[in-house]
Amino acid sequence: NSGTSLGKLAGRGSLVAFTSESYEWTTKNVVLVAKRLWRVDGVRRRLLLVGRDLGDPVDVDGGRIALQGGRAGAAIVDRTGWRVDRLRVPELRSPRRSFAWPAGRRLVLTGSRAAVLAGGRLRVYEVRSGRRVASWPLAQPTQELAGAAAGLVVFVHGRSVHVVGLRDGREAVFPVPAQRIP
């Protein structure tokens, strides 16, 4: 038996990307046999990349698509599928796999920088060079980044929203008060 499923989807503005995954069921497990990265053009889809070792789209910014997982761990491609980064983030790698639930988003883009959540730290990289420009421990480690914009990264921990500036690592915490519903 075999089947195809929708992987992850990410988009911003006019750029939307998603993955599809084809699996085969054996007597012992489910095996990934193909993975495809697609771009949506109006009402059509355009195939960008094919490979079992592809990451999943987790963010889109400035005409670029951030891929998390796969053999590279982290990769940034342009709207044609051409790789435009030199990031080295082995902590985000995912092995060739049988069926497994994808990890939460730990890679986001904002301008010329990428923010990566790995090892309880928020790391900041220049996308083109791959050079790590900053790294800060997080007071409240999280498993997933909510998003990024204008040099800020946002994540949620418990009932608080955390915003971290990528230039200086300053963190603002906004607790969400518990309220009774009448």
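The model is a predicted one, in which local features need pLDDT of at least 70 and side-chain atom pairs count only at pLDDT 80 or more, while totals for chains, interfaces and linings use all residues. Residues are numbered from 1 along each chain as its sequence is written, and side-chain values use heavy atoms, with hydrogens and water left out.

**Second largest pocket**

- The second largest pocket has a volume of about 170 Å³, where a pocket is an open set of points on a 1 Å grid over the protein atoms alone, fitting a 1.4 Å probe and having protein on both sides within 12 Å along at least five of seven lines.
- Residues lining this pocket, meaning those with an atom within 4 Å of a point, include Leu49, Asp53, Leu67, Arg71, Val77 and Arg83.
- Strands β6 (64-69) and β7 (73-78) each supply at least two residues of that lining, strands being DSSP runs of E with at least two residues, numbered from the N terminus.
- By class, the lining has 6 nonpolar, 3 polar and 3 charged residues, with Ala, Val, Leu, Ile, Met, Phe, Trp, Tyr, Cys and Pro counted as nonpolar, Asp, Glu, Lys and Arg as charged, and the others, Gly among them, as polar.

**Arg39 in strand β3**

- Arg39 lies in strand β3 (residues 30-41) and counts as buried because its relative accessibility is 8%, the limits being under 20% relative accessible area for buried, over 50% for exposed and partly exposed in between, with a 1.4 Å probe and protein chains only.
- A polar atom of the Arg39 side chain lies 2.3 Å from the backbone oxygen of Arg79.
- Leaving aside residues up to four places away in sequence, Arg39 touches, among others, Leu15, Val16, Ala17, Arg79 and Thr80, contact being heavy atoms within 4.5 Å.

**The aromatic pair**

- The structure holds 1 aromatic pair, a pair being rings of Phe, Tyr and Trp (its six-membered ring) whose centres lie within 6.5 Å, with planes under 30 degrees apart called stacked, over 60 edge-to-face and the rest tilted.
- Phe18 and Trp38 form this stacked pair, at 6.3 Å centre to centre and with 15 degrees between the planes.
- Because Phe18 lies in strand β2 (residues 15-25) and Trp38 in strand β3, the pair ties together parts that are 20 residues apart in sequence.
- Phe18 is buried at a relative accessible area of 14%, and Trp38 is buried at 11%.

**Ala150 in a loop**

- Ala150 sits in the loop between β12 (147-149) and β13 (152-157), and has a positive phi of about 50 degrees although it is not a glycine.
- With 77% relative accessibility, Ala150 counts as exposed.

Methods:
Grid points are joined across faces, edges and corners, and a volume is the space filled by probe spheres set on the points. Helices (H or I, at least four residues) and strands (E, at least two) are DSSP runs, numbered from the N terminus. A polar contact is a pair of N or O atoms within 3.5 Å; within protein, one must be able to donate a hydrogen and the other to accept it, and residues adjacent in sequence count only if both atoms are side-chain atoms.
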